[in-house]
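Thanks for coming, everyone. I'd like to talk through cavities and salt bridges today, so let me put the structure up.

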Amino acid sequence: MCGIVGYVGDRQATAFLIAGLRRLEYRGYDSSGVATLTPGSNVRTVKAAGRLEMLENQLDATPLAGTIGIGHTRWATHGAATDENAHPHASSDGCVSIVHNGVIENFRTLKDRLTADGFTFASDTDSEVIAQLIAQRLQQQTLENANDRAASDEYDHLVEVVQSALAQLQGTYGLTVLFRDYPNVLIAARRGSPLVIGVGEGEHFIASDASPLVGQTEKIVYMSEHELAVVTADSLRIVHRDQGSVQHHVQVLEMDEVDVGLDGYPHHMLKEIFEQPESLRNAMRGRLNLDDATAVFGGLNLTAQQLRSVDRLILTACGTSWHAAMVGEYMIEEFARIPVEVEYASELRYRNPPMDNNTLLFAITQSGETADTAAALREMKRKGHPTLAICNVVGSTIAQQADGGIYLHAGPEIGVASTKAFTSQCVVLAMLGLFFGRARHLSYSAGRRIIDALQKLPDQVSAALQSADEVKRIAEKYAEFDNFLYLGRQFNFPTALEGALKLKEISYIHAEGYPAAEMKHGPIALVDEKTPAVFIMPKGFVYDKVMANLEETKARNGPVIAIASEGDTRIADIADDVIYVPDVEEFLQPIVASIPLQLLAYHIAVLRGCDVDKPRNLAKSVTVE
């Protein structure tokens with residue numbers, strides 16, 4: 001969701017702040033703003049509702065000077081998307097300015113108290129109370145002999161002030177604070193919302209994720225929960241809420257301009273669709289052991305005995321990751337014969353399901369910051385269950401909080417609609433099924449067949465991408481329709497759900513996914529000549545059953561688009577349009593079949609004039625409940 005940037009150094013801050021906010025647009029936003037401490041120790045703020053261009057136009061007319069500053073893109077939660085509610089927010093006396101990502105759950109109580117104490121509010125947001133609380137604590141501090149303090153003492157004073165204010169907050173925050181009267185320092189803090197610090201030569205950067213730091217520095221520090229950072233041009237100090245000053249770990253930023261740029265594609269989503277052969281190779285690299293016909297994972301952090309004793313798995317996730325989890329349920333149960341339950345993280349965090357000591361939880365997430373998934377993971381940890389993560393972002397909240405896990409290595413995913421993360425999650429779950437299966441009853445020869453199928457997969461996905469022109473033609477035929485049905489069975493029931501979600505997300509078309517056999521139990525009433533049905537029906541055990549469902553749809557004048565295996569001559573005589581994909585093992589069909597579904601959603605959205613990479617009302621990382 002909201003994006004945060006900050007800069008302190010010897011360059012003009014605004015250039016980095018705007019470039020950084022541009023890199024964070026994919027997170028979703030409806031307003032933006034920047035504040036700098038100008039020469040003469042005045043904080044100047046410019047903010048605007050709407051796209052970032054609105055802010056840039058204002059800055060062209062009213063440039064902001066200063067070598068220290070903060071910036072923000074806001075995704076509205078409390079208060080409408082207006083100039084007044086845009087960040088940064090300042091305290092009544094102007095001494096404190098903040099940018100904030102997260103939700104302050106007790107802000108109304110705090111706001112009432114601060115108002116009674118004489119503070120005036122300029123917005124409807126929950127975030128503004130943070131600036132006012134910090135200002136109040138500054139006013140309450142004893143400032144005798146302040147001018148005699150060493151710089152470190154001044155910053156210790158600010159640490160105490162910010163920590164005291166944060167202690168009053170209930171909720172989550174990724175926070176950066178700019179002080180009018182302390183012109184050389186920014187303070188950043190996190191609880192439940194990510195922050196990354198870039199370490200430069202005579203300068204430091206702050207951002208919600210690493211993408212704004214690409215091209216600025218190769219050294220980064222991921223902040224952990226309950227940490228506060230004191231950031232100057234020449235120094236970085238990390239203070240933990242409970243442990244005091246702690247040693248920070250500088251890591252190498254493993255991204256480059258190609259990773260976060262368009263590389264000649266018109267949209268990030270299209271680029272990421274075509275990156276999937278490589279992202280799948282990266283997900284499998286070093287993890288397939290041919291000698292033992294199994295998968296190898298280095299980060300599970302559980303003993304072999306613990307893993308063999310697992311007799312139940314819970315996969316929890318949201319959105320697209322939840323669909324990947326459903327694919328994983330089919331694969332793990334088939335390969336390993338372990339009962340698997342797939343839970344919406346937003347429901348699991350508040351449930352109290354019966355779980356024995358041999359239950360293992362996997363939290364599945366692209367960003368590693370999804371608030372509901374993180375909360376579900378923490379709840380399971382609190383009850384003593386081992387928790388693992390399948391995640392794409394190194395240093396993310398869930399990656400840090402889980403007992404262990406598996407990184408996708410898919411590279412940055414900028415488009416809001418997930419594509420390569422979904423297929424990478426599916427292939428990791430296939431390897432997980434192989435891993436647990438070989439630890440139990442799965443034979444060596446069966447394990448080798450699974451590995452052989454996985455190794456062929458990237459090239460088969462490349463072949464599926466060759467359907468792009470045909471998919472575009474079909475998209476032109478159906479782009480004006482306002483309702484779609486997506487239908488599949490077994491492994492391809494989750495594929496149908498994911499295909500429908502992709503179309504909804506970026507084209508704003510109503511679409512529903514169902515198990516194909518459920519059509520006659522109600523949804524068939526929706527079938528008419530204006531409601532296309534997309535059947536995901538590669539060759540397999542239930543092919544004839546799905547064909548019967550397709551014919552029921554055709555009998556009611558419903559247009560049919562079929563995703564079928566190469567060489568299927570029967571389907572062309574019945575379906576209105578056919579998109580062929582390589583014939584693969586059934587457990588890999590969701591990965592291969594999702595390629596044309598992603599392309600179909602993309603091309604329809606483009607034809608309808610939608611903002612593909614930044615669809616309305618959506619955020620890439622849902623960091624609030």
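So, by class, which residues make up the lining of the largest cavity? The lining has 8 nonpolar, 4 polar and 3 charged residues. For the classes, Ala, Val, Leu, Ile, Met, Phe, Trp, Tyr, Cys and Pro go down as nonpolar, Asp, Glu, Lys and Arg as charged, and the others, Gly among them, as polar.

Quick word on the source: this is a predicted model, where local features need pLDDT of at least 70 and side-chain atom pairs count only at pLDDT 80 or more, while totals for chains, interfaces and linings use all residues. Residues are numbered from 1 along each chain as its sequence is written, and side-chain values use heavy atoms, with hydrogens and water left out.

Back to that cavity. A cavity here is a set of points, on a 1 Å grid over the protein atoms alone, where a 1.4 Å probe fits but cannot get out, and lining residues have an atom within 4 Å of a point. The count comes to 2 cavities of 30 Å³ or more. The largest holds about 90 Å³ of space, volume being the space filled by probe spheres set on the points, which are joined across faces, edges and corners. Its lining is 15 residues, and Arg489, Asn492, Pro538, Val542 and Gln589 lie nearest the centre.

Now salt bridges, meaning a side-chain nitrogen of Lys or Arg within 4 Å of a carboxyl oxygen of Asp or Glu. There are 31 of them.

Take arginine 11 and glutamate 203, whose closest N and O atoms are 3.0 Å apart. Arginine 11 sits in the loop between β1 (3–8) and α1 (13–23), and glutamate 203 in the loop between β9 (196–199) and β10 (204–207), so this pair ties together parts 192 residues apart in sequence. Those helices (H or I, at least four residues) and strands (E, at least two) are DSSP runs, numbered from the N terminus. Glutamate 203 is buried at 9% relative accessible area, while arginine 11 is partly exposed at 36%. Buried is under 20%, exposed is over 50%, and partly exposed is in between, with a 1.4 Å probe and protein chains only.

Another pair is arginine 382 with glutamate 379, at 2.4 Å, N to O. They're 3 residues apart in helix α12 (residues 371–382), about one helical turn. Arginine 382 is exposed at 59%, but glutamate 379 is buried at 18%. Elsewhere, shared partners join Arg22, Glu25, Glu53 and Glu56 into one salt-bridge network.

Key. On a 1 Å grid over the protein atoms alone, a cavity is a set of points where a 1.4 Å probe fits but cannot get out, and a pocket is an open set with protein on both sides within 12 Å along at least five of seven lines; lining residues have an atom within 4 Å of a point.
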